[in-house]
Amino acid sequence: YTLSLHDALPIYARVQPPEQTVVGRQVDRGTVQATVKQRDIHFGVDASLPRHWHSNSPHITHFFNAMSLLFPEGERFFIRSVRAHKEFVTDPQLAADVTGFIGQEAMHGREHQQYNDVLAEQGYAIDPLVERSNKRIAWAEKHLSPLRRLTGTIAMEHFTAIMAHQLLTRPGVLAGADEKMQRIWRWHAIEETEHKAVAFDVWKAATAGKPTQTAKQRRQQKKI
């Protein structure tokens, strides 16, 4: 499965039609469509990966590497945050999108874990960085409510969708990178674009008709 920039841009155009917005999607609810599709792709990142795989530059390479370190547990956090509200998802189209979202995020976690394992084999001390990130996620799951964890997921999904847009529309972002790494990052960007609104749509379903702020939070917001 090869994703070149030539392939990616038409796919990107299809998954972001003009009527879509960053915060939600307008879908014909008369028919359930697989608008968010799981793609079980194995990219096979292995020991052949060049140490400085992007333009022979350690700086650009490690910018991408550092992001990859966050993904395996981060993706699992997003899955848990959305899945915790599935009881509120009664719309068949949204239910299908949630299934696709979970499938896509699971594949992202798997492929980036393999990528990260190769970085460790290359001698990078990634464990302290991964552990620090995982501790923050563990703190959030212990101390934040399910709805606040979902809102955090919405924020991060929005952030990654912005990065995905830049990667897919600016050829220079991956110019000079190893071909296999170009494919994995474009695949990830395409799927982030496809499912960017799912967590928000689940939040809307979970909060329909309910106040989303306490009186204290409203008072604090007015002071700001």
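This is a predicted model: local features need pLDDT of at least 70, side-chain atom pairs count only at pLDDT 80 or more; totals for chains, interfaces and linings use all residues.
The chain has 224 residues, 42% of them buried, and its secondary structure amounts to 8 helices and 0 strands.

**Overall fold**

- Reading from the N terminus, the elements go α-α-α-α-α-α-α-α.
- Take the contacts between residues at least 6 apart in sequence: 84% of them link residues at least 24 apart.
- The chain's accessible surface is about 12,200 Å², and carbon and sulfur atoms account for 57% of that surface.

**The largest pocket**

- The largest pocket holds about 800 Å³ of space. It is lined by 31 residues, and Leu70, Phe71, Met156, Phe159 and Thr160 are the ones closest to its centre.
- Four helices each put at least two residues into the lining: α2 (58–83), α4 (127–143), α5 (146–169) and α6 (179–194).
- The top contributor to the lining is α5, with 11 residues.
- Sorted by class, the lining has 18 nonpolar residues, along with 6 polar and 7 charged ones.

**Nonpolar cores**

- The largest nonpolar core has 25 residues, and the members that touch the most others are Trp53, Phe64, Tyr115, Met181 and Trp185.
- Helices α2, α3 (92–121), α5 and α6 each give this core two or more residues. The largest share comes from α6, at 6 residues.
- Leaving aside residues up to four places away in sequence, Trp185 touches Trp53, Phe64, Met67, Ser68, Phe71, His112, Tyr115, Leu167 and Leu174.
- There is also a second, separate core, made of 16 residues, with Phe77, Val82, Phe101 and Val202 among them.

**Helix α7 and what comes after**

- Helix α7 spans residues 198–207, and its buried residues are Val198, Ala199, Asp201, Val202, Ala206 and Thr207.
- The cover over those buried residues includes α2, α3 and α5.
- Val202, one of the buried residues of α7, is also part of the second core.
- After α7 comes glycine 209, with a positive phi near 75°.

**The loop between α1 and α2**

- Histidine 52 sits in the loop between α1 (5–15) and α2. Its relative accessibility is 27%, so histidine 52 counts as partly exposed.
- Beyond residues up to four places away in sequence, histidine 52 is in touch with Ser57, Pro58, Thr61, His62 and Tyr124.
- Histidine 52 and histidine 62 are 10 residues apart along the sequence, and their C-alpha atoms are 8.1 Å apart in space.
- Serine 55 is in the loop between α1 and α2 as well, and has a positive phi of about 60° despite not being a glycine. Serine 55 is partly exposed because its relative accessible area is 38%.
- Asparagine 56 lies in that loop too. Its phi is near 55°, again a positive value in a residue other than glycine.
- Asparagine 56 has 62% relative accessibility, so it counts as exposed.

**Two more residues to look up**

- Glutamine 122 is in the loop between α3 and α4. Its relative accessible area is 18%, and buried means under 20%, so glutamine 122 is buried.
- Not counting residues up to four places away in sequence, glutamine 122 touches Leu49, Pro50 and Arg51.
- Glutamate 131 belongs to helix α4. With a relative accessible area of 48%, glutamate 131 is partly exposed, as exposed means over 50%.
- Glutamate 131 and leucine 69 are 62 residues apart in sequence, while the C-alpha to C-alpha distance between them is 9.9 Å.

Note on methods. Residues are numbered from 1 along each chain as its sequence is written. Side-chain values use heavy atoms; hydrogens and water are left out. On a 1 Å grid over the protein atoms alone, a cavity is a set of points where a 1.4 Å probe fits but cannot get out, and a pocket is an open set with protein on both sides within 12 Å along at least five of seven lines; lining residues have an atom within 4 Å of a point. Grid points are joined across faces, edges and corners, and a volume is the space filled by probe spheres set on the points. Ala, Val, Leu, Ile, Met, Phe, Trp, Tyr, Cys and Pro count as nonpolar, Asp, Glu, Lys and Arg as charged, and the others, Gly among them, as polar. A nonpolar core is a set of buried Ala, Val, Leu, Ile, Met, Phe, Trp, Tyr and Cys residues joined through side-chain atoms within 4.5 Å. Buried means under 20% relative accessible area, exposed over 50%, partly exposed in between (1.4 Å probe, protein chains only). Contact means heavy atoms within 4.5 Å. Accessible areas come from the Shrake-Rupley method with a 1.4 Å probe; for residues, only the protein chains shown count as cover.
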